[in-house]
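Subject: Two-chain model, handover and notes

Hello,

Here is the model for your files. Please look it over before reading the notes below.

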Amino acid sequence: MGLFRRFLRALGLGPEKVGVLIVGLDNSGKSTLLNRLRPKKARTADVVPTIGFQVESFLKHGIQFTAFDMSGAGRYRSLWEAYFKDAQAVIFVIDATDLVRMCVAKDELELMLRHPDLRKVPFLFYANKSDVPKCWTALQCAQALQLDENKDKPWNILASNALTGEGVEEGIDWLAEMIKSKPTN
Amino acid sequence: MALVNPRDKKDEDRDDETEYSPFFGIEKGAVLQEARVFNDPQLDTRRCQQVITKLLYLLNQGESFTKTEATEVFFATTKLFQSKDIALRRMVYLMIKEITPSADEVIIVTSSLMKDMNSKTDLYRANAIRVLCRIIDGGLLGQIERYLKQAVVDKNPIVASAALVSGIHLLKNNPEIVKRWSNEVQEAVNSKAPLVQFHALALLHQIRQNDRLAVSKLVTSLTRGNVRSPLAQCLLIRYTVQVIHEASGISSSGGERPFYEFLEGCLRHKAEMVIFEAARAITQLEGVTSRELTPAITVLQLFLSSSKPVLRFAAVRTLNKVAMTHPLAVTNCNIDMESLISDQNRSIATLAITTLLKTGNESSVDRLMKQITNFMSDIADEFKITVVEAIRSLCLKFPQKYRTLMNFLSNILREEGGFEYKKAIVDSILILIREIPDAKESGLSHLCEFIEDCEFTYLSTQILHLLGNEGPKTADPSKYIRYIYNRVILENATVRASAVSALAKFGAMVDFLQPRIMVLLRRCLHDNDDEVRDRATLYLQVLGDTKDIAPDGAAAFLSETLNVPLANLEASLKAYEPSEKPFNIAAVSKEAKPLTIAEKKKEKKAQREAAATGAHANGVAPAVSTSSYENLLNAIPEFASIGKLFKSSKPVQLTEEETEYAVNVVKHTYPAHVVFQFNATNTIQEQLLENVEVVMDTSLADEFEEVASIPLKSLPYGSPGQTFVLLAKPEGAVALGKFGNVLKFKVKEVDPASGEPDEEGYEDEYALEDVEVTIGDYIQRTSVSNFRNSWEALDPGLEKVDEYGLGPRESLQEAVKAVINTLGMQPVEGTDQVPSNARSHTALLAGTFIGNVPVLARLSFGIDAQKQVAMKLAVRSEDESVSELIQDIIASS
Ligand SMILES: Nc1nc2c(ncn2[C@@H]2O[C@H](COP(=O)(O)OP(=O)(O)OP(=O)(O)O)[C@@H](O)[C@H]2O)c(=O)[nH]1
Ligand SMILES: [Mg+2]
């Protein structure tokens, strides 16, 4: 079977596979967001804090996304790096209500942006929990994280509600377009 | 470099398929490169599986991965969780278990595993549980405990087993959590799935293992019910044995042993595994009786002729052990065992041989030896050593067979073999020469032949030393000279030097050889090795090139050992500056010097190790042979004129175990004296003892009189020392008595930091247990080569016979052993072993009474249904009064 699939893929007929890294501080809603992207019946009712990481795949726009949902807890953040190497896109989830830790998010983000393995990959930001009153808007978040200083890589930021899925799909649409427009290696 | 692809190879020539491991020659570097496929977004699951297999192969071959390599492989492997391929996932689990990176890295797979643990695929669940429990820490364990507990009673046996096995592992660090699963585990013990039952029983036992009563209850209930799984049944047998063992201390009723019936029932189980386990358990029961043993031996005997090698091996190995304690119980199997000598499997054959050697009687020795000779050439050295050791003990048991056995030893000595093997043979010959006087001459000539063609310097020098000591005392000493001198011509410097020393001893002890020896020694003066020339020069001087030394002085000089600790001599020699003043050996300290702190630590460790092996209990020096005692005693001037040492007793403890000062005594019997050698060990690190002596109270033993007491100057912590008391008694008399003893000394406190003792000390004393001089101290154990001949050579008219009731005894064997111990004589012809179901027995003993009077004893025992033992003792010796004394020993004890 492997051979046949590979044959199809060589002709551009099989689904393209893309590895996506989902990062962000703990409790920002990464796992909830990913849960949203699963087919309805595969969704879990309760999302618990991730220990280490979790891997999920979903099909969107003819692309097979393999998402590595990393734990955002402090002690695991140093382990993100082990998964940078073959990531073709990064989804960075910001808790738009957690203003206190916005600077922590900024620090972590800067480390990633500087990393050579991630120089060329597109970054998608979600300003999550947008349903909560008094949360920051996507623009406020972008400013706080100084996103406009990224000149050499594609990025985008969207407000989202991971519980209802609002804004989530649009982000993935954008990501799919970025991947398709880029010449495959 | 062209790497052979093992798969291609396979297709090309199928014939060779079995010869090559598919992984033959794979390299770590190349495999790590290959492992990059784990990162490929388009995963090739088959390839990934192969790479993991190779990595696991490397790890199992002992290949080590650097920290970075391990981390990289680990993280790459975790990416494979994206694949849904079941076979690949299984390899991923294995890989994570094997590679285990650092604790904070491994945690990264926790969520993935927890997801798998709740998956619908049983295989995922089972394996995820095993891996998770391996990597998880106590904190997270609480989170998944609920799942594990459920998994224990899962309807899928693989899942249940995984949870149970994990429980066994977790019990080490998180016992309180696992103990909460008791009910579930109990339920799993009743599972229909054999594996689950097995694992559940193991876990349940471990949970309860510290609670004797609970274990006993568990065993009681399960031995009644029916355990399906043979493996579980085997475990149950082991646990039962534990319970029996622990109970044996409590109830000592003469009735049926608890649970024996269960064990015996297991001998009829349909699984061979269970039958064997039960048979082995029975043979290992404490104080097993012959009646209990019989059914077990019967099934083992059946296994001996099984077509399955593993059963034959298991049976013969067990019987081999039984033969050590109950040789007669095994004799029934001798015929089956003999046919195993030609078994394809050499381990089985070796065990069969050594068992036969242990159980065989005198008449079968010759036949056995013939069979062994054919077999020796095709077993490995380590097996050969086992055989040689068995033959050595056989020879000591049947001394009159020494010719056959000595011949055998000399034959195998001439064949090919490694050092350890050759050493075992030479050691055996040395022991036989020492123990069996008749064997001496033939043994020596075998050794002479051996050194003509011996490639091991160590063995050559050892043999040359022996030849030097023993050769001059033989009937025809001159025949050894040629062999020894050949060494001077043919061998390396070390051997040449030993040969020179050996020659000199002949020159010193055999007058008529002296001129010839002098000629040979003079030739050695031209040797190109310093040591050889030095020795030759020295010996020529000693033997009379100069006339300063009395002729018998030469012999004494050559055969005596230096009476100073070698370490002290070495230190003094190093300190000696060449000058007009000659080195004075008398000035070298004879006392073992206190250890430095670093050495003490080492010493302590050594002691602990020795204590662990039981060789050196209580820090007291191990039993020493009479000849080394002789050297020690001869070094003490006060004992110079008391004559020749007759017997040294075994050490007798005079203190309880684990006390501040450990003291034992060795009694040395001389014609008109007894020397008491007190071996003392100071076990208090903060104390240095000085002027240590034992004060003996002779008031209750009027035949004895104190002549001298030799105190010990200092007794530092941890290194044993000796103090002596010399008592005189009437010459030749068998004086008996009991003495009270007090250890007296001066204590100086030692500063633990510097190791320096205080200036000031204080006197102290310490009461020891009494020591007694018994008739046993006047009898040596000696062996005779033919008891019957020796017995008949003694005048029957001087025989003393008496009968004794020994009262109720545990067994005949126990009674025989006790009497032999009391008499302190040597059992001959293996008669100290009682056939397991015998009602009567005859034991033959030999000894030499002080004054060099040989004495022989025949003991006939009988036991009745009430276990009352009666004994008839017949004693013969040239001296009637000696025979009477032997009777007195029994009469008075
Ligand atoms: N109101 C609101 N709550 C959200 C939203 N997204 C997530 N949450 C809640 O935030 C909490 C954390 O969500 P998770 O998805 O576990 O967060 P995470 O980023 O995966 O956290 P870690 O795995 O610990 O790194 C949960 O209680 C979610 O229900 C959102 O859009 N709106
Ligand atoms: Mg999460």
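The notes below start with conventions, then go through each chain and some individual residues.

This is a predicted model, in which local features need pLDDT of at least 70 and side-chain atom pairs count only at pLDDT 80 or more, while totals for chains, interfaces and linings use all residues. Residues are numbered from 1 along each chain as its sequence is written, chains are lettered from A and ligands numbered from 1 in the order in which they are written, and side-chain values use heavy atoms, with hydrogens and water left out.

Chain A

Chain A has 185 residues, and 49% of them are buried (buried is under 20% relative accessible area, exposed is over 50%, partly exposed is in between, with a 1.4 Å probe and protein chains only). Its secondary structure consists of 6 helices and 6 strands (DSSP runs numbered from the N terminus: H or I of at least four residues for helices, E of at least two for strands). Read from the N terminus, the order of elements in chain A is α-β-α-β-β-α-β-α-β-α-β-α. Of the contacts in chain A between residues at least 6 apart in sequence, 71% link residues at least 24 apart (a contact means heavy atoms within 4.5 Å).

One residue of chain A to look at is Q88(A), in the loop between helix 3 (74-77) and strand 4 (89-95) of chain A. Q88(A) is buried, at a relative accessible area of 17%. Leaving aside residues up to four places away in sequence, Q88(A) touches K17(A), V18(A), G19(A), V121(A) and P122(A), and also P41(B).

Chain B

Chain B has 893 residues, 48% of which count as buried. It contains 39 helices and 16 strands. Among its contacts with a separation of 6 or more, 63% are between residues 24 or more positions apart. The accessible surface of chain B is about 44500 Å², and carbon and sulfur atoms account for 50% of it.

Two packed helices are described by the angle between their axes and the distance between the axes. Axes here are lines fitted to C-alpha atoms, for helices over the stretch in contact, and angles run from 0 to 180 degrees between N-to-C directions.

Helix 7 (residues 110-117) and helix 9 (residues 138-152) of chain B pack at about 15°, with axes 11 Å apart. That angle makes helix 7 of chain B roughly parallel to helix 9 of chain B (under 35 degrees is roughly parallel, over 145 roughly antiparallel, 65 to 115 roughly perpendicular, and the rest oblique). Their crossing is left-handed (the near helix is turned anticlockwise from the far one by less than a right angle; clockwise would be right-handed). On the helix 7 side of chain B the residues are T110(B), M114(B) and M117(B), and they meet L140(B), Q143(B), I144(B), Y147(B) and L148(B) of helix 9.

Helix 25 (residues 402-414) of chain B has 13 residues and spans 18 Å from first C-alpha to last, close to the 18 Å expected at 1.5 Å a residue (the expected span is 1.5 Å times one less than the number of residues). Its buried residues include Y402(B), L405(B), F408(B), L409(B) and I412(B). Helix 23 (365-376), helix 24 (381-397), helix 26 (419-435) and helix 27 (440-452) of chain B are among what covers them.

Helix 24 and helix 25 of chain B pack at about 155°, with axes 10 Å apart. The two are therefore roughly antiparallel to each other. The contact is made by V388(B), I391(B), L394(B) and C395(B) of helix 24 with Y402(B), L405(B), F408(B), L409(B) and I412(B) of helix 25. The crossing of helix 24 and helix 25 of chain B is also left-handed.

Individual residues in chain B

- F259(B) is not a glycine, yet has a positive phi of about 70°. F259(B) lies in the loop between helix 15 (230-248) and helix 16 (260-266) of chain B.
- N691(B), in strand 5 (residues 687-697) of chain B, has a positive phi near 45° and is likewise a residue other than glycine. N691(B) is partly exposed, at 49% relative accessible area.
- H673(B) is in strand 4 (residues 673-682) of chain B and is buried at 16% relative accessibility. Its contacts, not counting residues up to four places away in sequence, include I642(B), H668(B), V707(B) and L726(B).
- A662(B), in strand 3 (residues 661-669) of chain B, is buried at 0% relative accessibility.

Regards

How values were computed: Accessible areas come from the Shrake-Rupley method with a 1.4 Å probe; for residues, only the protein chains shown count as cover.
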